[in-house]
Amino acid sequence: MPPVPKPVAKDYVPAFFPKRQGGAAHAGGPEEPRTRIVVVGHVDHGKSTLIGRLLADTQSLPDGKLEAVERACREEGMPFEYAFLLDALLEEQAQNITIDTTRIGFRHEGQGFEIIDAPGHREFIKNMVTGAAAAEEAILLIDAKEGLKEQTRRHGLLLSLLGVSKVIVAVNKMDLVDWKEERFRILDKEIREYLGGLKISPREVVPISAREGANVKNSDSIGLGWWKGPTLLRALLSGVGRNDVQKEGPLRLVVQDVYRFDERRVIAGKLESGKIRVGDSVVFFPDRKTSKIRSIEDWGNPDPVQELGPGRGVAITLEEQIFVERGHVGSHEQNPPVESRELKARIFWLDTEPLRLQAPVQLRLATQSVEGRLVSIDRLVDADKLEQKRWVGSRWRRSGFVAADPWFMTPTIGWNRWGGLPCRGAPVWVEGESFWRRNIRPPWPRR
Amino acid sequence: MSYLQHLEDQSIYIFREAFANFKNMAMPWSMGKDSNTLIWLAKKAFAGKIPFPLVHIDTTYEFPEMLAFREWARNHYGIDLIVMVNEEARKRGVGYESHDPVTVTHELKSLALQQALAKYKWDALVTGIRRDEDSTRAKERYFSPRTAENEWEYRDQPPEFWGQFTTAVKPGEHVRVQPLLDWTELDVWEYVRREGIPVPKMYFAENGRRYRSLGCWPITQSIESQVSTIDGIVEELKTTKTAERAGRAQDHHERNAMQKLRAKGFM
């Protein structure tokens, strides 16, 4: 035990007051975009080794971390296993599997990255989807010797279903095929063909050996002397910045809540797309009541805010005291959202109970929540095999109108089995712009 | 939009989703940098008013400087603060003088929190944990349910994506709402600097030592450092190879100590 600390003096000032740098208006500086990358591939094609290699080569591991992994491996009676860096649960280490998704950050050449390790076992598919859905980019690993396997194809399909279209393919274990260029070219062609069928065009296909550290951070002049393309890290860096596509588009202010903590009546929400300005006329759907924005509330900011853009959380007060509540959607008079009783959706059913036609479910779209029913099924993909099984005709029907259109098709639609265990919810997303054009109620009352 | 701005907006969204969906929330508050960032974000989310109480789980082994900060902040922000001590365990003689740090942490933090949950019947608790602190926290959800026994069922976590969260619980259960999950230690300090958030003085060097992570005094080590400004902390973090919680004894008491603690209700 260290000595008991002394009491503080009566006039002790316990707080340190940093000088404010300008809040949200403060741009640039050390703040930087961070790219989230999910690593997928067939089991034993070298996922964990690659993640370990990326972290080690970029010197992102704190002191003692590798030693701790070595100790854990010894206790489990295993040779050194990079996977233990991320598979932190005892159950994962004992069985050498990944149960739940993990994220770990690293930095390279001033850029921040976050690696998402998602489980591949089919019983953990909800965890895999949870991990992969957060990714902006994917590394798909292929063993140079074994080539494309069932899981390689499944994971490719999963990426396309989740809309992760930025993919780098890494052909790993090139050392095991004597670094042969012909072998790489065959796999390059094969994987491009397969992903092409899923409408994914890989940004790069690169040969590497994660174990040998070849062409991950450092290019390899001996075995891979024939390779004129980028290293894996270089390929990752070249994609940075392209993620930061803000949805400009029409105004979609999703209302989260209305607060009356003091004399103000504050509408709190998020700008899914578009901009707001003080003085703008905003129409709130589905009630179609209109008011001008009186103020944008920004606690902690000494300067009044006049305008906010897409992606920002907002708190506003209105000129008119119109009825607004959670689930409403604010828009300008031009380009209002469309409303519909029916929608076509692509869903992941992750519940343990089967989904049944006509069974009531809770349908969530951003902060809107309504009861809905599955009317018909169009196309079915087997979650175990992640293979397309069959095609039929399909539709969803909902009670009550909901504002819905492509501006919030992703990533804010979810749903739950009605009245079931809320923790086992199953998200859904809406697909296809063509649907919106065909199935909508006239978007604006005719004057 | 900068990454820090993205993190702020996301955290505010999480705060509001929690408040809209739960009836009886509270926010455990440890006075540290993450806790103070949470207060700041909550003030922004709710336009200046924090509409739920804060809870300090007082282990009775708090640094006097931190208790002084607690009283200062209570007054400065006008927060509704509940202080909770596991008196029963202290009467039994549970303490660092006689027990190992994992046992004490469980008894004086996790069980004290459980007693508070039983008393106040909260259905959601806002925590300041981050993925980069610990490899089991790296597997967490933004909305992470706990059983009636305050346990984390890490083998079977709910799916969570696209901004839809687990927002309903059965009686006796609660959800941990974790707005800082995506933040790193560096993000927190850069945000503290950007916004000018008051933090405890103990993070800044005095006589060549400072605290990087703050907990109970018997098991919290300071680090060697000359840093006395936030710019200095930011620079130090960019080059350090030492883990943030290296100076927190309960984490390293045994292999997977954090998993065991967290499965039983530790944050």
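Which residue stands opposite B:Ile57 in strand 3 of chain B? I looked this up first, bearing in mind that the model is predicted. The residue facing B:Ile57 there is B:Met84.

**Entry: the sheet of chain B**

I then looked at the strands that hold this pair. Strand 2 (residues 54–57) of chain B and strand 3 of chain B are joined by 4 bridges and pair in the parallel sense. They belong to an open sheet of 6 strands, and I noted its order as 3-2-1-4-6-5, with mixed pairing. Strand 3 (81–84) and strand 5 of chain B are at the edges; each has a single partner strand, so one side of each lacks a neighbour in the sheet.

**Entry: strand 5 of chain B**

I looked up one of the partners: B:Ser144 is bridged to B:Arg176 in strand 6 of chain B. I asked whether the faces of strand 5 of chain B are covered or open. Both are covered, with B:Phe143 and B:Pro145 buried on one side and B:Ser144 and B:Arg146 buried on the other.

**Entry: helices of chain B**

I tested the length of helix 1 (residues 3–21) of chain B. At 1.5 Å a residue, its 19 residues should span 27 Å, and the end C-alpha atoms are 27 Å apart, which agrees. I found 15 of the 19 residues of this helix buried, so the rest of the structure largely encloses it.

I then took up a helix pair. Helix 2 (residues 33–45) of chain B packs on helix 6 (residues 185–195) of chain B at an angle of about 55°, and their axes are 10 Å apart. The two are therefore oblique to each other. The crossing is left-handed. Among the residues making the contact are B:Trp40 and B:Leu41 of helix 2 of chain B, and B:Trp189 and B:Val192 of helix 6 of chain B.

**Entry: the sheet of chain A**

Last, I turned to chain A. I found an open sheet of 6 strands in the order 3-4-2-5-6-7, with mixed pairing. Its edges are strand 3 (102–108) and strand 7 (204–207) of chain A, each with a single partner strand, so each has one side without a neighbour in the sheet. The twist from one strand to the next averages 25°. Within this chain, strand 5 (residues 137–143) and strand 6 (residues 167–172) pair in the parallel sense over 6 bridges. I noted that A:Ile142 stands opposite A:Val171 in strand 6 of chain A.

Key
Residues are numbered from 1 along each chain as its sequence is written. Chains are lettered from A and ligands numbered from 1 in the order in which they are written. This is a predicted model: local features need pLDDT of at least 70, side-chain atom pairs count only at pLDDT 80 or more; totals for chains, interfaces and linings use all residues. Side-chain values use heavy atoms; hydrogens and water are left out. Two strands pair if DSSP finds at least two bridges between them. Axes are lines fitted to C-alpha atoms, for helices over the stretch in contact, and angles run from 0 to 180 degrees between N-to-C directions. The expected span of a helix is 1.5 Å times one less than its number of residues. Buried means under 20% relative accessible area, exposed over 50%, partly exposed in between (1.4 Å probe, protein chains only). Angles under 35 degrees count as roughly parallel, over 145 as roughly antiparallel, 65 to 115 as roughly perpendicular and the rest as oblique. A crossing is left-handed if the near helix is turned anticlockwise from the far one by less than a right angle, and right-handed if clockwise. Contact means heavy atoms within 4.5 Å.
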